[in-house]
Amino acid sequence: MSGDQLLVFLFSIVERGIGMTVKTKVNDEKAERDYGAKVDTLFKRKTREQLMQESHGIQVEWVKTTQQVSKKKTDEVCGRVLANFGLQCLRKALKQNGLILVGDEHEQKALATIEVRQELKDKLDPFVVLFLRAFKTFYNPIIVTTLHILVSIIHLGLPAFKTLLKKFLNCIFKLISVTQGSDHEFLNTLFRCVTELIKTYSVY
């Protein structure tokens with residue numbers, strides 16, 4: 001599988017996973033409201049006979065002890081697994097020299113330059129919006145993996161970073177404010193992202 005094919009595959013996985021995981025925003029007028037004020041028939045506990053009848057004898061709902069897990073929760077958990085898998089694969093692929101990034105890009109990082117081939121921008125730029133949405137999953141493994149990926153690609157000067165700079169900084173500063181001082185590695189990663197973002201994309 002080539003680097004181009006891998007990126008298309010991983011983009012579809014991460015986009016699908018984050019879409020299943022992101023919580024409904026209260027201020028989004030287009031989003032369906034779910035405040036838990038009423039009981040939806042979808043979340044009512046079903047008898048074993050009803051489940052077997054609907055699934056033609058095959059158990060299709062997750063069951064934890066005696067509690068049936070709702071479709072909404074199932075989608076959220078599956079989305080977390082899918083998104084984290086895709087992000088972990090992307091992180092590994094970025095480390096593999098020549099698959100996505102080649103030698104000159106790694107050298108550019110050491111020289112703190114932001115020049116990059118248009119081909120590389122076209123490959124990675126669509127992921128930037130997904131990385132921003134990943135902060136809204138409220139799932140630590142996804143956020144940590146996203147931060148590690150950001151450290152690897154911020155220096156490339158992708159156009160979307162410049163457009164979304166303030167939103168990225170707001171998300172990272174919120175994480176810094178709620179992170180306990182004992183987690184030094186996580187804080188160090190957050191500060192590295194902030195430093196690289198400001199150094200590469202801020203215009204004074």
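Which side chains meet in a salt bridge at 3.1 Å, N to O? In this predicted model, where local features need pLDDT of at least 70, side-chain atom pairs count only at pLDDT 80 or more, and totals for chains, interfaces and linings use all residues, the side chains in question are those of E76 and R80. Residues are numbered from 1 along each chain as its sequence is written, and side-chain values use heavy atoms, with hydrogens and water left out.

The protein contains 9 helices and 2 strands, where helices (H or I, at least four residues) and strands (E, at least two) are DSSP runs numbered from the N terminus. Along the sequence these elements follow the pattern α-α-β-β-α-α-α-α-α-α-α. Of the 204 residues in the protein, 36% are buried, a class defined by a relative accessible area under 20%, with exposed meaning over 50% and partly exposed in between (1.4 Å probe, protein chains only). Among contacts (heavy atoms within 4.5 Å) between residues at least 6 apart in sequence, 68% join residues at least 24 apart.

A search of the whole structure finds 2 salt bridges, each defined as a side-chain nitrogen of Lys or Arg within 4 Å of a carboxyl oxygen of Asp or Glu. Side chains of opposite charge can pair when their charged atoms come close. The pair E76 and R80 lies within helix α3, its members 4 residues apart, about one turn of the helix. E76 counts as buried because its relative accessibility is 11%, and R80 likewise counts as buried, at 18% relative accessibility. The side chains of K199 and E196 also meet in a salt bridge, at 3.4 Å from N to O; these residues are 3 residues apart in helix α9 (residues 184-201), and so are separated by about one helical turn. K199 is exposed, with a relative accessible area of 53%, whereas E196 counts as partly exposed at 22%.

Helix α3 (residues 71-95) and helix α6 (residues 140-153) have axes that come within 9 Å and cross at roughly 25 degrees, the axes being lines fitted to C-alpha atoms, for helices over the stretch in contact, with angles running from 0 to 180 degrees between N-to-C directions. That angle makes α3 roughly parallel to α6, since angles under 35 degrees count as roughly parallel, over 145 as roughly antiparallel, 65 to 115 as roughly perpendicular and the rest as oblique. The residues of α3 that meet α6 include R80, A83, N84 and L87, and their counterparts in α6 include P141, I142, T145 and T146. By class, this contact of α3 with α6 has 8 nonpolar, 6 polar and 2 charged residues, where Ala, Val, Leu, Ile, Met, Phe, Trp, Tyr, Cys and Pro count as nonpolar, Asp, Glu, Lys and Arg as charged, and the others, Gly among them, as polar. Also found in helix α3 is D75, which is partly exposed with a relative accessible area of 27%. The C-alpha atoms of D75 and T21, residues 54 apart along the chain, are separated by 7.1 Å.

The axes of helix α8 (residues 165-178) and α9 come within 10 Å and cross at roughly 160 degrees, which means that α8 is roughly antiparallel to α9. Among the residues of α8 that meet α9 are L165, F168 and L169, while those on the α9 side include F186, L187 and L190. By class, the contact of α8 with α9 has 16 nonpolar residues, with no polar and no charged residues.
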